[in-house]
Amino acid sequence: GADSDGIIAKINNLGTVTNVIYSGYVTSLTASRFSGGCYIYQPSKNKITRLNENLQEISSIYTGGTVSITTLIIASNSDLILLGDAAVGGKIGLMNVAPDAYTYFSARLSSGGSPVWYNPINVSGEAYLGDISTTASGSRIYITGGFNGKLRINNGTINSIGAMDLFIWKY
């Protein structure tokens with residue numbers, strides 16, 4: 001895992017560090033129980049890196065513009081599902097996640113980095129995106145968070161009734 005100093009290391013079953021993989025600023029790390037590897041997001045290098053079970057780099061997906069990824073999860077077929085926000089012109093690989101305005105988004109990329117789908121999350125007011133989860137098959141996505149004002153994901157819209165309302169969105 002990543003500790004507070006931003007070190008990712010392979011640790012054996014005796015708790016001994018056997019290999020330091022990365023030392024630096026890492027904001028998100030998720031392990032895949034499906035492929036035996038993991039992805040790490042390195043905002044300082046503008047990339048998402050896929051590591052194999054030995055924590056060796058397999059591939060990278062580069063981000064462009066101002067993109068912040070809140071959560072990375074891996075679907076059963078090793079696709080990468082993201083939750084984040086971006087300023088105008090923000091990209092993940094070839095996918096433009098903020099074509100004309102600052103936006104929150106969820107997106108799915110194939111394990112090779114090709115866009116599968118993208119959903120903008122539009123808010124008039126304030127929002128906090130908490131987490132994203134998926135069913136084992138990856139056919140359903142769940143997003144949690146809080147907002148005030150109006151929240152629109154995909155083709156659905158909900159209005160807040162208080163200062164900050166919580167939501168769980170399924171699609």
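Predicted model: local features only at pLDDT ≥ 70, side-chain atom pairs only at ≥ 80, totals over all residues.
**Entry 1: Phe105**

I started with the neighbours of Phe105, counting a contact where heavy atoms come within 4.5 Å. Leaving out residues up to four places away in sequence, Phe105 touches Val67, Leu82, Leu83, Gly84, Asp85, Ala86, Ile92, Val97, Tyr118, Asn119, Pro120 and Ile121. Residues are numbered from 1 along each chain as its sequence is written, and side-chain values use heavy atoms, with hydrogens and water left out.

**Entry 2: The cores**

Next I looked up the nonpolar cores, each a set of buried Ala, Val, Leu, Ile, Met, Phe, Trp, Tyr and Cys residues joined through side-chain atoms within 4.5 Å. Buried here means under 20% relative accessible area, exposed over 50%, and partly exposed in between (1.4 Å probe, protein chains only). The largest core holds 18 residues, and Phe105 is listed with Ile48, Ile69, Leu80, Leu82 and Ile92 as having the most contacts inside it. Two or more residues each come from strands S4 (38-42), S7 (67-74), S8 (80-86) and S11 (103-109). S7 gives the largest share, 4 residues. I also found a second, separate core of 17 residues, with Leu83, Ile141, Leu151 and Phe167 among them.

**Entry 3: Strands and sheet**

How many helices and strands does the chain have? I read off 0 helices and 17 strands, taken as DSSP runs numbered from the N terminus (helices H or I, at least four residues; strands E, at least two). An open sheet of 6 strands runs S7-S8-S11-S12-S15-S16 with antiparallel pairing; two strands pair if DSSP finds at least two bridges between them. S7 and S16 (156-159) are the edge strands, each pairing on one side only. From one strand to the next, the twist averages 15 degrees, with axes as lines fitted to C-alpha atoms and angles from 0 to 180 degrees between N-to-C directions.

I then followed S12 (residues 115-124), which is joined by 4 bridges to the antiparallel S15 (residues 150-153). Ser124 stands opposite Lys150 in S15.

**Entry 4: Asn119**

Asn119 lies in S12. Why does Asn119 count as buried? Because its relative accessibility is 10%. With residues up to four places away in sequence left out, Asn119 touches Tyr104, Phe105, Ser106, Asn154 and Tyr171, which brings me back to Phe105.

**Entry 5: Whole chain**

Of the 171 residues, 42% count as buried. Among contacts between residues at least 6 apart in sequence, 35% join residues at least 24 apart.
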